[in-house]
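The model and its conventions are stated after the first section.

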Amino acid sequence: MNAANTIANNCRVRYLDVYRLGRILIAGFEHVFDNAESLNTINVFPIPDRDTGTNLSLSFSKIVNYIRHSGEEHTGKFLLQIARIAQDNASGNAGAIMAHFFHGMSQAAKSCSSLDASATAAAITRGTKEALKSVQTPVNGTILTVMEEFSKKFSLAGDTEKNDILTLFEVALQAASKALAKTTTQLEVLKKAGVVDAGGQGFVYFMSGIANFIARGNIRTLKFFPSHTDKKDGADVKMKPALYCAECTIIQPEGRAEFESGLGKMGEKAFVTGPKSAIKAHLHTSDPERFFMFCSQHGTVTDKQSNRIRCKFSSPRLKRKTVAIVTDSIADFPALDFSDLYVVPVRFSFGNKSYIDKISMTTSEFYHELRTNPIHPKTSQPVPGDFRKVYQYLLEHYTSVVSIHLAAALSGTLQSARHAAGQIHEGSIDLLDSTTVSVSQGLLVTAAIEAAKAGKSHEFIVNYLAKLRSRTRLFAALSDLSYIVKGGRIPGFVNSISTFLHLKPVLSTLPNGRLLPIGVLPGRRNIHRKLCGFLLRRINPHVHYRAIIGHSNSPELGQRMLNVLEAKLPFLKEVSLVEIGGGLGVHTGPGAVAVGIQELIPL
């Protein structure tokens, strides 16, 4: 082994500079990548969706790319950039917690040109405190418990081993491993499954990868060998300062992925949103005509706008907008004539092939793939960077944003949005936990749009939605429970019992946002009539309602549901039919029908 390529070989490690820190971080990340599938297997808390390893890998992959190509020589600035990337790309609960951990470390070390043992301990302590603060109600027996024990031991050991960072990592790792083993008995769901906390295990993998590399590693063994002299293609080309804010609409765009990639190289704050039929493109550029020419190569360009950038809201174009509405693609609702709605898509993947919900794969294509592909898809929530780009763009064109998202109890999407909003200090952003999903979430989005179109204020819309939330309900019946079992949302024995007894569970979101069975429908036929009867027994038939009916690749079933609901509920003032998107269809499978129903409250 070449001693020049190792950080330590039976000698003390007195400091970490950019090069050493970059190497050990990559070693830690690689150890997580190598064990991602085992982390997925033991993921049963807080949601048993078997994706902790995948989410941590997604969260860390762009940090690895930055480290490999970074030319930064100041350790504090290096950590600050890593923290920003972590926050922008945090995926899942564990990924979000790790992003806060890196943020805390970066704040403690931002003035450090290198880290000695004391500074490293201080950074880890601050990182752990930030991670703990990021969770409203911390639970014992999770990644936070493991992280806290690691931090405590690292700091305590630092009092006696001030000059040896390796010893601190090894001592702290022993404490973290013991804390990890205890998680099995601290949480009932872990005890029942006979596993440790997946997030905590991911943290231990990360830290053990670091410790092992410091003790015995060779930089040449790293799969992602960090080269601070290499640059990405075009990295040495300086871009002219952006002088114009340009945007347009592209009708029937072709090659969206290629378009987005090319757009990002033409200027700053590149942003694309909208469905396949008509997308909006935005760019800060020194040459707006070049931007419009590029857009015209991908479709028919309309609504061209170009304003010289001076300061926020300096032009009439930017002043006339008031409230923008944002949601995620889990919300299902009919096409709406409202240009100030922006949808941040979730992602799903079949094996190594990833798709953007409702954009890179149509809903019909998704259900075909779901039926024919032996690999069950995994979903991935939008990362904070997705929301940050949307919010930054919108607050250049609107005075405020109301952002409505699926239940926080079901996904970390709202948490991603909250992280992004916390990084933006201009304008007003209000986030709403819909405490529901799909068509009932779509009803709340529809109500927000109606209020915005009526010229209601930001405060009115926020309060209006808060009132409607408790008056909005979801009732869903699944034809085949095997998909939701594969996704880890319910145990397999429920499917076995349901099939044996010919019972169809009715799922609903509770006030706390959890999606659970609240009853059953007997038999296999006339599910639409039985679901309608079930619903009518649980609502006041003398109140005015509106509804959205969703189906998963079963339009005939959806239409029958609509017809019977209209016939049985005389005070139903509005009803529409939509197809449930892939973000939720991953769990419902084909053949499901859902009803979102909402009491009408006049504006």
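## Helices H1 and H10

H1 and H10 are oblique to each other, a class left over once angles under 35 degrees (roughly parallel), over 145 (roughly antiparallel) and 65 to 115 (roughly perpendicular) are set aside. H1 (residues 18-34) and H10 (residues 198-216) pack at about 135°, with axes 7 Å apart. The crossing is right-handed.

In the contact (heavy atoms within 4.5 Å), residues of H1 including Arg23, Leu25 and Phe29 meet residues of H10 including Tyr205, Phe206 and Phe213. This contact of H1 with H10 comprises ten nonpolar, five polar and one charged residue.

## Model and conventions

This is a predicted model, in which local features need pLDDT of at least 70, side-chain atom pairs count only at pLDDT 80 or more, and totals for chains, interfaces and linings use all residues. Residues are numbered from 1 along each chain as its sequence is written, and side-chain values use heavy atoms, with hydrogens and water left out.

## Helices H4 and H5

The axes of H4 (residues 75-89) and H5 (residues 92-109) come within 8 Å and cross at roughly 160°. H4 is therefore roughly antiparallel to H5. H4 passes H5 in a left-handed crossing.

Among the contacting residues are Leu79, Ile82 and Ala83 of H4 and Phe102, Met105 and Ser106 of H5. The contact of H4 with H5 has nine nonpolar, five polar and no charged residues.

## Helix H21

Ile527, His528, Leu531, Cys532, Phe534 and Leu535 of H21 (residues 527-536) are buried, that is, under 20% relative accessible area with a 1.4 Å probe, protein chains only. Seen down the axis of H21, these buried residues fall within an arc of 160°, so they line one face of the helix. Their cover includes strands S14 (472-477), S15 (503-509), S16 (515-522) and S19 (593-599), and helix H22 (555-568).

Terms used
Buried < 20%, exposed > 50% of the residue type's maximum accessible area, 1.4 Å probe, protein only. Helix = DSSP H or I, 4+ residues; strand = E, 2+ residues; numbered from the N terminus. Arc of directions from axis to C-beta. Axes fitted to C-alpha atoms, helices over the stretch in contact; angles between N-to-C directions. Left-handed = near helix turned anticlockwise from the far one by under 90°. Nonpolar A, V, L, I, M, F, W, Y, C, P; charged D, E, K, R; others polar.
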